[in-house]
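Subject: A structure for you to look at

Hello,

I am passing this structure on to you, with some notes on what turned up in it. Please open it beside this email and follow along.

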Amino acid sequence: MPSLNWLTRSEDIQAASGVPFRALTEVPELSYGGGSTDNILIHGDNLEALRALLPFYAGQVKCIYIDPPYNTGSAFEHYDDNLEHATWLKMMYPRLVLLRELLAENGSMWISIDDDEGHYLKVLCDEIFGRRNFVANVVWQKKHTRSNDATWFSDNHDHILCYAKDKISWRPNLLARTENSLGNYSNPDNDPRGVWASGPCHAKTPSEKTMYPITTPTGRKVYPPPGTSWRFSKDNFEALIADKRIYFGKTGNNIPRYKRFITDVQEGFVPLTIWLRDEAGDNQEGKTEIKKLFDDTPFTTPKPERLIERILTLGSENGDLVLDSFLGSGTTAAVALKMGRRFIGVELGEQAKTHCAVRLRKVIDGEQGGISKSVNWQGGGGFRFYELGAMMFDEFGRIQESITFGCLAAHIWFSETKTPYQPFRPNCLRSAVLGIHKGNAYSLLFNGILHDRSVNGGNVLNRTTLQLLRDDLAGADYKKLIVYGEWSKLLPKTMKRENIEFRQIPYKVKK
Ligand SMILES: C[S@@+](CC[C@H](N)C(=O)[O-])C[C@H]1O[C@@H](n2cnc3c(N)ncnc32)[C@H](O)[C@@H]1O
């Protein structure tokens with residue numbers, strides 16, 4: 001497949017697999033509200049944050065929206081948007097790889113971009129997501145005024161690239177019908193089946209078989225217009241008339257029209273690829289919304305809530321997990337909360353604290369701007385604020401002291417199974433079992449999980465710890481037991497007989 005080339009391409013396309021694993025550390029004083037603990041706001045570089053999320057959320061995110069720096073050459077107050085072209089590609093490639101890994105099999109990814117990098121981004125995404133999974137390039141009318149001082153064109157649209165993880169099975173949800181779109185429907189004959197709109201009864205491609213006269217209720221004989229024939233066979237036409245699905249006008253003397261009831265058509269609209277500002281907002285609307293939230297230093301390039309609402313409507317359902325790893329002022333997280341989605345947001349700049357966290361607190365308290373009124377937002381929910389914590393390994397390859405059992409467990413489980421980690425016994429504080437995958441049971445003796453930190457104790461595989469593991473696994477279906485620990489005191493013949501494989505920490509833990 002043809003691909004894009006740039007100076008550091010060969011190292012950049014490998015970069016995602018070399019990102020070191022770091023723990024996420026909660027900052028409780030910046031967390032807020034209650035409810036789902038799945039709402040997460042992370043302050044830090046999204047490359048490391050996405051890597052930190054993988055062991056917990058790989059394949060779990062239903063809808064990803066990102067609005068990365070467009071590389072327009074501007075320096076905004078809250079971030080720099082002026083990277084050398086190849087540096088921008090280097091920045092995007094590994095992040096897109098990790099984002100794809102987080103996406104659910106029935107998920108979709110949406111990316112805002114303009115003409116500076118849009119077409120290069122399309123080629124990168126074709127390579128990472130597969131050309132066959134490209135869904136659409138939406139043109140969003142971001143501005144309605146003309147800049148008459150523009151040298152060439154007055155730019156008034158952005159692109160939104162949409163990719164599915166698997167386009168064959170993915171379908172967008174429908175958009176709600178607007179009052180305007182219902183304007184064509186009425187019920188002049190008081191049909192008990194409800195409002196309807198009418199269409200012609202003739203087909204443009206004529207056929208001899210459907211060229212016959214129809215008698216109106218007033219007794220007049222009518223034929224299809226010249227060069228056409230009826231859409232229906234004579235029998236079908238008569239059946240439709242009997243079922244009152246054909247309308248001959250108020251007096252019963254007009255040419256027949258076919259009635260399409262609103263209940264017969266789809267519940268909503270298939271999305272178009274051009275999104276105008278009156279239906280999806282524009283940049284000005286985004287700025288107005290943010291100014292109402294922050295009097296002093298509003299964020300410079302926010303998206304309007306209606307734009308994100310549309311994307312989340314098409315790409316997710318109530319309760320689904322959505323992610324934005326270039327969170328900016330927090331629009332995606334705010335809209336996700338208001339729409340009943342769970343969210344993960346990542347932001348590198350200080351605005352993670354000064355804007356995202358502050359905005360989310362207001363939303364939880366019932367803020368009434370943006371889409372609040374149209375979705376009847378009453379407040380509620382919560383989020384947890386995280387910083388990127390310690391690297392898992394120090395410079396000598398040792399596991400850092402601050403790494404918890406849960407963190408190492410998730411890392412080992414994911415590197416072994418490539419599936420997200422969920423505790424085997426969520427309510428048991430002494431379980432060293434990580435889970436079972438493809439006939440292998442995995443366990444980890446680390447950090448005194450069995451409440452025994454003695455030299456030959458809880459972090460060592462011996463007869464006692466083995467018995468505890470077997471007890472924990474009682475009734476489970478597995479063949480081999482794989483144990484990560486500091487040391488094994490079991491004899492090789494015992495390990496063979498019991499089908500146990502021992503992996504020593506830290507040497508056998510994947511970097
Ligand atoms: C165009 S803004 C996003 C605006 C956002 N859609 C909104 O409605 O407010 C891009 C954001 O990405 C952030 N960003 C840039 N590089 C990043 C990185 N490596 N990790 C996390 N965030 C990053 C910038 O700090 C900036 O806030």
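Before going on, a word on the background. This is a predicted model, in which local features need pLDDT of at least 70 and side-chain atom pairs count only at pLDDT 80 or more, while totals for chains, interfaces and linings use all residues. Residues are numbered from 1 along each chain as its sequence is written, and side-chain values use heavy atoms, with hydrogens and water left out. Helices (H or I, at least four residues) and strands (E, at least two) are DSSP runs, numbered from the N terminus.

**The helix pair**

Helix α3 covers residues 85-102 and helix α4 residues 118-129; they pack at an angle of about 35°, and their axes are 10 Å apart. Axes here are lines fitted to C-alpha atoms, for helices over the stretch in contact, and angles run from 0 to 180 degrees between N-to-C directions. On the α3 side the contact (heavy atoms within 4.5 Å) includes Trp-88, Leu-89 and Met-92, and on the α4 side it includes Leu-121, Leu-124 and Ile-128. By class, the contact has 12 nonpolar, one polar and two charged residues. For these classes, Ala, Val, Leu, Ile, Met, Phe, Trp, Tyr, Cys and Pro count as nonpolar, Asp, Glu, Lys and Arg as charged, and the others, Gly among them, as polar.

Leu-99 also belongs to α3. With 0% relative accessibility, Leu-99 counts as buried; buried means under 20% relative accessible area, exposed over 50%, and partly exposed in between (1.4 Å probe, protein chains only). Leaving aside residues up to four places away in sequence, Leu-99 touches Leu-50, Ile-64, Ile-66, Met-109, Leu-323 and Ser-325. Leu-99 and Ile-344 are 245 residues apart in sequence, yet 12 Å apart in space, C-alpha to C-alpha.

**The four-stranded sheet**

An open, mixed sheet has four strands in the order β23-β24-β26-β28. Two strands count as paired if DSSP finds at least two bridges between them. β23 (433-437) and β28 (500-504) are the edge strands, each with a single partner, so one side of each has no neighbour in the sheet. From one strand to the next, the twist averages 20°. Five bridges link β26 (residues 480-485) to β28 in the parallel sense, and Leu-481 stands opposite Ile-500 in β28.

Two helices meet this sheet. Helix α11 (residues 405-417) lies across β23, β24 (440-444), β26 and β28, running at about 15° to β23. Helix α12 (residues 463-472) touches β23, β24, β26 and β28, and its direction makes about 130° with that of β26.

α11 is mostly covered, with 11 of its 13 residues buried; among them are Phe-405, Leu-408, Ile-412 and Trp-413. Those buried residues pack against β1 (22-26), α2 (46-57), α3, β23, β24 and β26. At 1.5 Å a residue, the 13 residues of α11 should span 18 Å, and the end C-alpha atoms are 18 Å apart, which agrees; the expected span is 1.5 Å times one less than the number of residues. After α11 comes Lys-418, with a positive phi near 60°.

Around the sheet there are a few backbone details to look for. Lys-438 sits in the loop between β23 and β24, has a positive phi near 45° and, at 75% relative accessibility, counts as exposed. Asn-447, in the loop between β24 and β25 (460-461), has a positive phi of about 60° without being a glycine; Asn-447 is partly exposed at 26%. In the segment after β28 lies Pro-506, and the peptide bond from Ile-505 to Pro-506 is cis, with omega near 5°.

**The three-stranded sheet**

Another open sheet is antiparallel, in the order β11-β17-β16. Five bridges pair β11 with β17 (residues 257-261), with Pro-200 opposite Arg-257 and Ser-198 opposite Lys-259. Two bridges join β16 to β17, and Tyr-247 has Arg-257 as its bridge partner.

Enjoy exploring!

Best wishes
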